[in-house]
Amino acid sequence: MASLSSGNSAIRHAFVQTLGKVRAAAGRLGGYGVFWLKALRQPTIDLTLRTHAGLITRIVETPGLSLSEAELGELVAQLRVVAARTLPEENLAYGIFSGDRERLARAIVTLISEEATGRPIAFNALSVMDVELDGEPVEVTHLGLVMVDPDERGRGLSWVLYGLTALVLFARDGLRQKWVSNVTQVPSVVGMVSQTFSDVFPSPHPDARRSFAHLQLARGIMARHRAVFGVGAEAGFEEAGFIITNAYTGGSDGLKKTFEAAPKHRDEQYNSFCARELDYERGDDVLQIGRIDLAGARRYLLSEVPSGSLPALLATGAALALQRLVLPAVHWLDDTRPFGILRPRVPRNGNSP
């Protein structure tokens with residue numbers, strides 16, 4: 001009889017545990033659902049999401065336009081807290097750290113903080129750059145500066161800092177492909193960009209190639225947007241390999257690293273690529289250009305987001321369904337945006353053709 005009672009107790013305990021897991025998953029799913037609904041509906045994003053136990057992530061689009069003076073000052077102060085922990089002996093003066101509204105009007109900030117104390121521990125600052133491609137204006141999302149408090153590294157924050165915001169922007173734009181850029185000398189970041197996004201150049205991948213579109217975008221970025229990533233006018237640019245030479249002269253001097261100090265990727269090909277292509281003593285960077293598209297979004301969800309996340313699995317299934325069934329019809333019926341060789345019924349300047 002005792003063994004039967006013990007068996008029933010174990011069954012009840014297992015049932016309670018399973019029920020708790022189901023409720024927790026449902027709660028996460030509900031939170032993600034609200035997050036995505038807001039992301040798709042808001043004209044400018046200002047969203048908060050619990051991405052890790054005890055941590056909250058805030059995504060703020062164009063804070064230079066959407067926030068009050070006090071709110072903007074508080075946000076910049078939080079970014080500086082993380083920067084001071086990451087580079088205690090340096091004073092970065094470019095981009096978002098300047099507090100300049102005009103620069104922050106083109107930024108998208110992802111900030112991770114402790115939920116209980118509000119202490120900021122990591123951030124990513126993206127920037128949107130206007131560049132010409134085949135004579136038409138396009139937007140390139142620069143992946144920007146990532147900083148993590150040294151005491152908080154190893155907590156699995158990279159999937160939020162390097163991909164979540166780009167995924168939100170991609171989804172909100174109707175899953176239309178978006179160009180992205182990245183400037184770095186860090187092998188782990190070179191590898192992350194190469195693995196996450198599509199059609200990335202330069203990259204050690206054997207299929208990486210420099211198309212004319214890549215070259216046009218790179219020339220436009222280097223001609224007009226050096227201040228976004230703190231590269232001075234005197235820095236050179238080698239078009240063959242998209243290498244920025246003597247890059248640390250435009251306010252980003254404190255970010256210069258030796259090859260030994262730069263965080264390495266677990267895949268040795270990215271470490272070897274950086275060691276071969278970059279002169280770390282001179283202070284070189286690589287300018288990577290790629291795209292986020294449905295294939296890249298799916299790779300991100302499958303490889304970067306924690307595999308146990310139910311919302312991630314559901315989002316992957318939705319992405320596959322959209323790719324095969326819904327997305328082409330939605331793009332075809334939208335007469336306000338270009339689709340392949342088709343042009344909008346009413347041009348962007350509002351004049352009828």
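Which residue stands opposite valine 180 in β6? I looked it up, and threonine 141 holds that place. I note at the start that this is a predicted model.

**Entry: the whole chain**

I began with the overall counts. The chain has ten helices and ten strands. It holds 353 residues, and 45% of them count as buried. I then checked how far apart in sequence the contacts reach. Taking contacts with a separation of 6 or more, 67% are between residues 24 or more positions apart.

**Entry: strand β6**

I went to β6, residues 178–184. I found seven of its seven residues buried, and the strand is mostly covered. Next I looked at the two faces separately. In a regular strand the side chains alternate between the two faces of the sheet. On one side of β6 I listed Lys178, Val180, Asn182 and Thr184. On the other I listed Trp179, Ser181 and Val183. Every one of these is buried, and both faces of β6 are covered.

**Entry: partners of β6**

Which strands pair with β6, and in what sense? I found β5, residues 136–148, paired with β6 in the parallel sense. Three bridges make up that pairing. The chain leaves β5, passes through helix α5 (residues 158–172) and reaches β6. This β-α-β crossover is right-handed.

I then turned to β10, residues 285–292. β10 and β6 run antiparallel, and seven bridges join them.

**Entry: threonine 165 in α5**

I stopped at threonine 165, which is found in helix α5. Is threonine 165 buried or exposed? Its relative accessible area is 3%. The cut-off for buried is under 20%, so threonine 165 counts as buried. I listed its contacts, leaving aside neighbours within four places in sequence. They are Ile59, Ile108, Thr110, Leu126 and Val160.

**Entry: helix α6**

My last stop was α6, residues 187–196. How many of its ten residues are buried? I found eight, so the helix is largely enclosed by the rest of the structure. The buried residues in α6 are Pro187, Val189, Val190, Gly191, Met192, Val193, Ser194 and Thr196.

Methods:
Residues numbered from 1 in each chain as written. Predicted model: local features only at pLDDT ≥ 70, side-chain atom pairs only at ≥ 80, totals over all residues. Heavy atoms only, no water. Helix = DSSP H or I, 4+ residues; strand = E, 2+ residues; numbered from the N terminus. Buried < 20%, exposed > 50% of the residue type's maximum accessible area, 1.4 Å probe, protein only. Contact = heavy atoms within 4.5 Å. Pairing = 2+ DSSP bridges. Right-handed = clockwise from strand over helix to strand, strands pointing away.
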